[in-house]
Structures are given as C-alpha cells and as structure tokens.
Amino acid sequence: MATERTLSIIKPDATKRNLTGKINAKFEDAGLRIVAQKRIHLTKAQAGKFYEVHASRPFYDELCEFMASGPVVVQVLEGEGAIAKNREVMGATNPKDSAAGTIRAEFAESVGENSVHGSDAPETAKDEISYFFAGMELVG
Ligand code: DAT
Ligand code: MG
C-alpha cells in the first residue's frame, strides 16, 4: 500500500479535556507520523464550510456550533494506507459502536462530540489538507 496523507482534527470536546497528547500517542503507536499540526479556534462559518457535505443533515447546525465551541488541533498524518489506518484508530462514528481501544471508544462523549475527525477518501483528504495547510507547512 502506498504512503498517504490524511487530515485529522482533534475536536473541542477532546482539547477541553486535555487529551491531545493521549490521542497523538494512539496515532504514533499505530505508525502514523504527524507531519503538520496546529491549534486553532474555528468560527462557525469556517466549521460550516469544512462540513459543507453534511449541510442537509439534521445535525448540521449543532455540528458547526460544536466545532466552533473551543480550540481544535488540525493535523496531517502520514503513513502506509494512512486514510484507512486513521479511520481504524479513530473507531466508528458513534462511540457505542466503536471497537475497544479506539480513540472514540475511549474518549468520545457522544455521536456528536466524538473527539476526532479523519478524512474518508484520497480526494477528501487532499481537499481537507489544503483547507487548513499550505504545502510548506507539511514536514515529512
Ligand atoms: P465521521 O466523523 O465518522 O466521518 P460522518 O462524516 O458521518 O462521521 O459525520 C461527521 C460528523 O457529524 C460526526 O463525526 C459527528 C456528526 N454526526 C454524524 N452523525 C450524527 C448524528 N446522528 N447525530 C449527531 N451528530 C452526528
Ligand atoms: Mg466523515
């Protein structure tokens, strides 16, 4: 499998509980390299643009409010099959369905406040990375 890059976000519920280091350890233990990382506070409009694909879903407004409710850590993870590997380390969207040992099983508070975001495909990874990072900020 090829080396890939994926966009990860440590969400406000997790930064609030000081879980950035514990979550990063899960990525690194799985062989994912953090090649870019910054802590930012999104506006609701910025969160809305990021999650535009979900605009018609009933939880969209709540999701955007939540993503703008505190700091997030946006990061680029690199590794063999990084997109799927990160999704595996994250666990299922709803923590009730997440496998033991995954980030969401251990840390997520609910389906909405589920600690992490990860890109779901190569095209979205590319678009999401460029939403937050300039090429020179990625240091492999
Ligand atoms: P994922 O983050 O696992 O890729 P997704 O893309 O389907 O999941 O949804 C994006 C985010 O929207 C998800 O992380 C949390 C929120 N969300 C999804 N389904 C939800 C629901 N049924 N109720 C509330 N929030 C939801
Ligand atoms: Mg998704």
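I looked up residues 3-140 in this predicted model: the end C-alpha atoms lie 11 Å apart, and the span is 40% helix and 20% strand (DSSP runs, H or I of at least four residues for helices, E of at least two for strands, numbered from the N terminus). The UniProt annotation for residues 3-140, from an unreviewed entry, reads "domain: Nucleoside diphosphate kinase-like"; such annotations may be inferred rather than shown by experiment.

I noted the conventions: residues are numbered from 1 along each chain as its sequence is written, and chains are lettered from A and ligands numbered from 1 in the order in which they are written. Local features need pLDDT of at least 70, side-chain atom pairs count only at pLDDT 80 or more, totals for chains, interfaces and linings use all residues, and side-chain values use heavy atoms, with hydrogens and water left out.

Oxygen atoms of ligand 1 lie 3.0 Å from an N or O atom in the side chain of Lys11, 3.1 Å from a polar side-chain atom of His54 and 2.9 Å from one of Asn114. The protein covers 77% of the 520 Å² of accessible area that ligand 1 has on its own (Shrake-Rupley, 1.4 Å probe).

I then read the UniProt "binding site" annotation, also from an unreviewed entry: Lys11, Phe59, Arg87, Thr93, Arg104 and Asn114. I placed Phe59 in the loop between α3 (44-50) and α4 (60-67).

Notes. A polar contact is a pair of N or O atoms within 3.5 Å; within protein, one must be able to donate a hydrogen and the other to accept it, and residues adjacent in sequence count only if both atoms are side-chain atoms.
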